[in-house]
Every structure is written in structure tokens, then in C-alpha cells.
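Here is a structure to read together, feature by feature.

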Amino acid sequence: MGKVFDVRLTLGSEDGQEGDGHVVVAPTKPKLKPPPMYRVVLLNDDYTPMDFVVEVLELFFNMNREKATHVMLSVHTQGKGVCGIFTRDIAETKAEQVNQYSRECEHPLQCKIERE
């Protein structure tokens, strides 16, 4: 995105006393807003062991055993569970890491992202 500038024109009066007729250009600060956030979500399946789901949550989301077990039970009982909320790049990376690790370990566990 280009820079935004505040442009002010100072005009001289007829007697040349006020202003010098030059254009003054001052950069203005762009209005910043926080980036959109995304939930990283694990999806339930009938084959992945619960212990593996807990392991994934501990490994990729730095959860302690209690928190990981709580999220795993949400996945099991509600069909999905939120692992964390991140900016898009981080959420995509974490979801891909989980999906790759699950494939390597021959489990069908799926992870996706959803806009917050």
C-alpha cells in the first residue's frame, strides 16, 4: 500500500506578507488495525487414538496434559475442538504441521483453520 500524505498549500497574500506559496507535504500516520485471527481446529474421527490427540496438542500447541485432555474430550464429544487462535500464517503453519505429523504416524486426524 502506498504512503498517505497530508497536503497543505500556503498561499501568499497580495502584499506578500503571509505564506510563501509553497506546498507543504507532511506524511500522516496510517490507521492500523489488528490482523484477522484464525482458530486452529482438530476434527474428530473414529480411528485416531485419544492419546495421540493429546500428544499432538502438547507437541504443537504447548499445552499441559490437563488442557490437552480437555481439548481432546471436546474433539471427541463435540466433533471438533479449538487448539488455539493465531494470525493466518501461524494458524496455517500449525494446521499443516499437525496434518503432516498425523500422516507420518498413519493416523487420519485432520486439522483445519477457521476465521475468528
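**Reading the fold, step by step**

The protein chain has three helices and five strands. The model is a predicted one.

Q: How many of the residues in the protein chain are buried, as a percentage?
A: The chain has 116 residues, and buried ones make up 28%.

Q: Which share of the contacts joins residues at least 24 apart?
A: Start with contacts between residues at least 6 apart in sequence. Of these, 59% join residues at least 24 apart.

Q: How do I read the sheet: what is the order of its strands, and is the pairing parallel or antiparallel?
A: Take the strands by position in the sheet. This open sheet has three strands, in the order E4-E3-E5, and their pairing is antiparallel. E4 and E5 are the edge strands, each pairing on one side only. On average, neighbouring strands are turned by 30 degrees against each other, direction ignored.

Q: Over how many bridges do E3 and E5 pair?
A: They pair over six bridges, in the antiparallel sense. One example is Tyr-38, whose bridge partner in E5 is Arg-115.

Q: Which strands does H2 touch where it packs on the sheet?
A: H2 touches E3 and E4. The direction of H2 makes about 125 degrees with that of E4.

Q: Where is Ser-74, which lies in one of the elements?
A: Ser-74 sits in helix H2. Its relative accessible area is 17%, so Ser-74 is buried; the cut-off is under 20%. Not counting residues up to four places away in sequence, Ser-74 touches Gly-79, Lys-80 and Gly-81.

Q: Is Val-82 buried or partly exposed?
A: Val-82 is in strand E4. Its relative accessible area is 40%, and therefore Val-82 counts as partly exposed. Not counting residues up to four places away in sequence, Val-82 touches Arg-39, Val-40, Val-41 and Val-71. A C-alpha separation is another way to look. Val-82 and Leu-43 are 39 residues apart along the chain, and their C-alpha atoms are separated by 9.2 Å.

Q: Which side chain does a polar contact join to that of Glu-114?
A: The side chain of Lys-80, at 3.0 Å. Leaving aside neighbours within four places in sequence, Glu-114 is in contact with Met-37, Tyr-38, Arg-39, Val-41 and Lys-80.

Q: What is the idea behind a nonpolar core?
A: In soluble globular proteins, nonpolar side chains tend to be buried together. Now the case here. The largest nonpolar core has 23 residues, and those with the most contacts inside it are Leu-42, Leu-57, Phe-61 and Val-98. At least two residues of this core come from each of E3 (37-43), H1 (50-61), H2 (65-78), E4 (80-87) and H3 (88-104). H1 gives the most, with seven residues.

Q: Which residues is Val-98 in contact with, leaving aside its neighbours within four places in sequence?
A: Val-98 is in contact with Leu-42, Val-56, Phe-60, Phe-61, Leu-109 and Cys-111.

Q: How is a pair of aromatic rings described?
A: By the distance of the centres and the angle of the planes. A search of the whole structure finds three aromatic pairs. Phe-52 and Tyr-101 form a stacked pair, with 5.6 Å centre to centre and 10 degrees between the planes. This pair links distant parts of the chain: Phe-52 is in helix H1 and Tyr-101 in helix H3, 49 residues apart. Phe-52 is buried, with a relative accessible area of 6%.

Q: Why is the pair of Phe-61 and Phe-86 called tilted?
A: The planes of the two rings are at 35 degrees, so the pair is tilted; the centres are 6.4 Å apart. Phe-61 belongs to helix H1 and Phe-86 to strand E4, 25 residues apart, and the pair links distant parts of the chain. Phe-61 is buried, at a relative accessible area of 10%.

Q: Which residues do ring pairs link into a cluster?
A: Phe-52, Phe-60 and Tyr-101.

How values were computed: Residues numbered from 1 in each chain as written. Predicted model: local features only at pLDDT ≥ 70, side-chain atom pairs only at ≥ 80, totals over all residues. Heavy atoms only, no water. Polar contact = N/O pair within 3.5 Å; in protein donor to acceptor, adjacent residues only side chain to side chain. Contact = heavy atoms within 4.5 Å. Core = buried A, V, L, I, M, F, W, Y, C linked by side-chain atoms within 4.5 Å. Buried < 20%, exposed > 50% of the residue type's maximum accessible area, 1.4 Å probe, protein only. Helix = DSSP H or I, 4+ residues; strand = E, 2+ residues; numbered from the N terminus. Pairing = 2+ DSSP bridges. Axes fitted to C-alpha atoms, helices over the stretch in contact; angles between N-to-C directions. Phe/Tyr/Trp six-rings, centres within 6.5 Å; stacked < 30°, edge-to-face > 60°.
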